[in-house]
Amino acid sequence: MKASNTTERHRAFQQALGERAERTAVVKGLRSQVRTARAEVRLHKRRLWRWSTILRARRIADQTGLTRLGAMLSFGLAAPVIISLPSALLLGISTGTTIGLTSLLVVVCIVGSIHMLSAPSDVRAQANVLLTEKSLATSTARLDPLKTELEIADAKLAAVTSLVEELGSIISSRRHQLLATNWRAMRGIEFERFLEAVFSELGYKVETTPTSGDQGVDLVVSDGKIRIAIQIKGYEHSVGNDAVQQACAGVRFHRCHQAAVITNSHFTASAKALAKANQCRLIDQQQIEPLIAGELDDWRPTWSRIGA
């Protein structure tokens, strides 16, 4: 995004800040929804695993002739056995008896019995499996679009954040500070010092002239090849022929190639005609901001060199 002046940049920056706040809130809300949906998916998966394990154990019991308790011990109680075995062995070693192993078997039998007694019938378990599978599918179907929406929202937030950083960098730059200066109200030496800072920021070598005896030239600006004699007028009213005459007269005195007059006001029609006839470039208040921004590439006179 390019803004042609300071006001537009500030407006764009404020708009970008507001958009970033809005998109941050959207992303925060979506992340919360995604966390909730993921938690639901995990819960349904755990429930599905439980009911599926119960039914699998019961089928194996029916096929192999094992008791259902034995099958549950083989499948549903693997974790309690693994957890209890080290404790039981330690207890057996510490007491020097078989109390540890006995305790392990007692614990396994008690847990297995409780699990069997609390488990529902096969029909109820199968119904729970189907219900849980449906709930899992619903939660997954809800999670996937949320994840996609979150990715899009994250990308938009990253883009507006990048814009905020870009505009913030521009606003904090020296050139933007110069644009934000109230140069329209400057008069005399204040406006001269302001333009001295502008040309320095643009990368030119700038020479100031004495306040008296300057032969009509306030600044001498050089890019290493061409020296330009500049007459500066911080005026409230229009600038006339005198400024153009002074700038052109000072070109040879200051060993310059070209002349220019810059004002934060306007030029009279007579001054414009005289400048064209003497190959002197005029820059008025309409061109100050493009000059500061480095967008006035042709600000130097394009006619033949004067005084060469």
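How many disulfides does the count come to in this chain? The count comes to zero disulfides, a disulfide being a pair of cysteine sulfur atoms within 2.5 Å. The legends below describe a predicted model, in which local features need pLDDT of at least 70, side-chain atom pairs count only at pLDDT 80 or more, and totals for chains, interfaces and linings use all residues. Residues are numbered from 1 along each chain as its sequence is written, and side-chain values use heavy atoms, with hydrogens and water left out.

**Figure 1. Overview of the chain.** Ten helices and five strands make up the chain. Helices (H or I, at least four residues) and strands (E, at least two) are DSSP runs, numbered from the N terminus. Of the 308 residues, 37% count as buried; buried means under 20% relative accessible area, exposed over 50%, and partly exposed in between, with a 1.4 Å probe and protein chains only. Contact means heavy atoms within 4.5 Å. Among the contacts with a separation of 6 or more, 64% are accounted for by residues 24 or more positions apart.

**Figure 2. The open sheet of five strands.** The strand order is S1-S2-S3-S4-S5, with mixed pairing. The edges are formed by strand S1 (205-208) and strand S5 (280-283), each of which has a single partner strand, so one side of each is left without a neighbour in the sheet. Neighbouring strands are turned by 25 degrees against each other on average, direction ignored. Two strands pair if DSSP finds at least two bridges between them. Strands of a sheet pair through backbone hydrogen bonds, either parallel or antiparallel.

Figure 3. Strand S4 (residues 258-263) and S5 run parallel and are joined by four bridges. Opposite Arg 281 of S5 stands Ala 260, and opposite Ile 283 of S5 stands Ile 262. In a regular strand the side chains alternate between the two faces of the sheet. In S5, Cys 280 and Leu 282 point one way, Arg 281 and Ile 283 point the other way, and all are buried. Helix H10 (residues 285-292) lies across S4 and S5 and runs at about 90 degrees to S5. Axes are lines fitted to C-alpha atoms, for helices over the stretch in contact, and angles run from 0 to 180 degrees between N-to-C directions.

**Figure 4. Cysteine residues and their surroundings.** Cys 280 is found in strand S5 and counts as buried, at 2% relative accessibility. The cysteine sulfur closest to that of Cys 280 belongs to Cys 248, at 4.4 Å, too far for a bond. The C-alpha atoms of Cys 280 and Val 261 are separated by 7.4 Å, and the two residues are 19 apart along the chain. Cys 256 is also buried, with a relative accessible area of 2%.

**Figure 5. Helix H7 and its buried side.** Helix H7 (residues 189-201) has 13 residues and reaches 18 Å from its first C-alpha to its last, close to the 18 Å expected at 1.5 Å a residue. The expected span of a helix is 1.5 Å times one less than its number of residues. The buried residues of H7 are Phe 191, Glu 192, Phe 194, Leu 195, Val 198 and Phe 199. These residues cover an arc of only 160 degrees around the axis, which puts them on the same side of H7; the arc is that of the directions from the helix axis to the C-beta atoms. Their cover includes helix H6 (174-180), S1, strand S2 (219-222), strand S3 (227-233), S4 and H10. Gly 203, whose phi is positive, near 95 degrees, follows H7.

**Figure 6. Positive phi values in two loops.** Most residues other than glycine have a negative phi, and most peptide bonds are trans. Arg 255, a residue other than glycine, has a positive phi near 55 degrees. Arg 255 is found in the loop between helix H8 (241-253) and S4 and counts as exposed, at 64% relative accessibility. Gln 279 is not a glycine, yet has a positive phi of about 55 degrees. Gln 279 is found in the loop between helix H9 (269-277) and S5 and is partly exposed, with a relative accessible area of 26%.

**Figure 7. Trp 49 in helix H1.** Trp 49 is found in helix H1 (residues 6-64) and is exposed, with a relative accessible area of 57%. The C-alpha atoms of Trp 49 and Thr 132 are separated by 9.6 Å, and the two residues are 83 apart along the chain.
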